[in-house]
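Hi,

Here is the structure I promised to pass on to you. Have a look at it first, and then read my notes below.

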Amino acid sequence: VFGRTVICRDIDVATRVARTDGLDCITLEGDQVSKKGGMTGGFYDYRRSKLKFMNIIMQNTMSINKKEEELKGIGLELQNILFLLQLEQKITAFVTEQQQLDAKRVLDKSVLEQHKQDIANANKQKQYTSKALENKRKSLADVQMQIDQLRASMAVKRAEMGTELIDHLTPEEKDLLSRLNPEITDLKEQLINCRSDRIETESRKAELETNLTTNLKRQKQELEAIISAAEADALLDEAESKRQELMDANLLVEDATQQLKRVSDRIDELTKQLRGIKDEKNNLKGLEDAYERTLQDEAKELEQLLSKRSNLLSKQEEYSKKIRELGPLSSDAFETYKRKQIKELQKMLHRCNEQLQQFSHVNKKALDQYVNFTEQREELQKRQAELDSGDEKIKELIEVLDQRKDESIERTFKGVARHFREVFSELVQGGHGHLVMMKKKDGDDDDDDDDGPREADLEGRVEKYIGVKVKVSFTGQGETQSMKQLSGGQKTVVALTLIFAIQRCDPAPFYLFDEIDAALDPQYRTAVGNMANTQFITTTFRPELVKVADHIYGVTHKNRVSRVNVVSKEDALDFIEHDQSHNAE
């Protein structure tokens with residue numbers, strides 16, 4: 001049974017179950033019987049199979065999809081052709097632009113040569129004019145110098161003319177004149193030599209200027225012409241490379257044209273194939289429509305036949321039911337009533353019916369209902385037995401788990417309580433302390449000094465525990481005190497004792513404390529330092545823990561940045577001493 005659908009062995013059983021129980025039924029062969037009376041199945045003509053038609057339709061659909069993919073490929077080829085045409089247009093535009101640029105470059109080159117020639121002629125004229133001007137300036141300077149010399153000579157002559165003769169000179173002046181005459185002669189000779197050297201230098205200068213004008217400048221112009229020719233050669237090389245590129249572009253255009261022609265032929269061929277495919281597709285579409293109409297007609301006919309078959313089966317079931325209601329016949333019934341006449345048999349049947357009407361108030365389905373209810377009762381009893389067995393097993397499991405919890409709690413508490421006594425004796429010399437498990441029946445009785453676990457009660461539930469009470473004595477005399485009666489430092493000692501006791505019972509890799517010795521007395525701090533039998537990380541400002549530490553780190557804060565540095569024990573003790581003295585002040 002799946003939901004409201006029943007799987008039956010054959011169509012007859014499916015029909016009976018659908019009619020009596022109101023369920024949808026299906027057989028192993030695939031025949032279906034609805035609770036509303038409709039039936040599906042029976043003889044199946046494979047020659048008119050929907051699967052065959054669907055297979056044909058799927059094949060045709062696959063063929064159509066394949067042709068559509070081929071059409072997509074043709075579309076891609078058309079896109080490639082359009083791209084080649086666009087490329088050819090771009091190449092033509094580039095060639096035209098290149099030709100325009102070449103013509104413009106030739107024109108610019110001719111204009112540039114004309115301007116270079118004009119500039120060279122202007123430079124030559126400027127050089128000639130500058131040279132003539134320089135010569136005129138030199139000549140003017142020489143003439144001016146000669147005029148100055150002549151004026152000086154004239155002044156000297158005039159002065160001599162205004163003086164008296166030599167006879168009027170004194171002996172000292174005569175002596176001086178006799179000494180100056182050879183010196184004047186030497187100076188005149190030096191002047192003559194200087195003038196000759198000057199004339200020679202000027203002639204050498206003129207010769208060099210002539211050489212510069214006639215030879216070197218001409219060589220410079222020749223070199224400039226060579227440079228211009230070299231630039232023209234470079235332009236010719238560039239033009240040659242552009243022509244080569246143009247030839248390559250023309251070759252590409254020719255290849256693209258040939259490829260375009262081949263693609264056009266391919267397009268024509270594929271267009272013809274596409275027409276054929278479309279015709280074939282239309283034919284297949286017509287066949288598909290015909291098959292669908294045939295299939296619909298056959299479905300209507302099949303539905304009519306199934307309805308007729310359902311009616312006949314219902315009548316058969318009704319008649320079979322009536323026969324079953326008559327009950328089983330004896331072996332000699334056919335022989336007994338075979339010789340009877342029909343009218344006599346009808347009379348007998350009428351009397352039997354009258355007798356049966358007397359029992360009309362009797363429930364004819366009582367036996368079937370009794371059998372069904374008996375089977376349901378047995379099934380429910382069996383299920384009840386299974387549930388009872390499962391309930392007993394679950395209760396046993398719960399009891400075992402509760403017992404294990406109690407044992408685990410009591411075992412752990414016993415270990416922690418034992419280590420608590422030991423650790424408290426080590427931390428507080430002469431003192432003693434113990435832990436007390438609080439239970440529901442204990443209430444808040446503070447006089448219960450039993451430090452061991454009690455026996456588990458009959459219930460065996462962990463809910464009976466309500467807490468743990470701590471009782472300690474720091475002097476070893478008098479009554480023990482509870483946590484409410486202790487000072488802050490004593491509470492810290494008790495808390496550390498409990499932590500160390502748990503650590504001994506269930507060790508951890510390391511412990512992290514934050515100034516646990518702040519509220520402790522010196523002897524307690526020393527005792528805590530001696531208790532470190534595992535890794536302890538703590539912050540402190542007391543020397544007792546620093547003295548027993550293996551590694552010491554100092555934390556400094558400067559410019560909003562914290563730094564951790566390794567420090568020695570002496571530096572740490574000095575820092576603590578300085579901090580304590582500062583706080584005392």
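**Where two helices meet**

In α6, Thr 412, Gly 415, Val 416, His 419, Phe 420, Glu 422, Val 423, Phe 424, Glu 426 and Leu 427 touch Val 493, Val 494, Thr 497, Leu 498, Phe 500, Ala 501, Ile 502, Arg 504 and Cys 505 in α7 (contact means heavy atoms within 4.5 Å; helices are DSSP runs of H or I, at least four residues, numbered from the N terminus). By class, this contact has twelve nonpolar, four polar and three charged residues (Ala, Val, Leu, Ile, Met, Phe, Trp, Tyr, Cys and Pro count as nonpolar, Asp, Glu, Lys and Arg as charged, the others, Gly among them, as polar).

This is a predicted model: local features need pLDDT of at least 70 and side-chain atom pairs pLDDT 80 or more, while totals for chains, interfaces and linings use all residues. Residues are numbered from 1 along each chain as its sequence is written, and side-chain values use heavy atoms, without hydrogens and water.

The axes of α6 (residues 366-427) and α7 (residues 488-505) come within 8 Å and cross at roughly 130° (axes are lines fitted to C-alpha atoms, for helices over the stretch in contact, with angles from 0 to 180 degrees between N-to-C directions).

**What lines the cavity?**

Lys 67, Glu 70, Leu 71, Ile 74, Leu 270, Gln 273, Leu 274 and Ile 277 line the largest cavity (points on a 1 Å grid over the protein atoms alone where a 1.4 Å probe fits but cannot get out; lining residues have an atom within 4 Å of a point). The elements giving two or more residues to this lining are α2 (50-162) and α3 (171-326).

Enjoy exploring!

Definitions and conventions
On a 1 Å grid over the protein atoms alone, a cavity is a set of points where a 1.4 Å probe fits but cannot get out, and a pocket is an open set with protein on both sides within 12 Å along at least five of seven lines; lining residues have an atom within 4 Å of a point.
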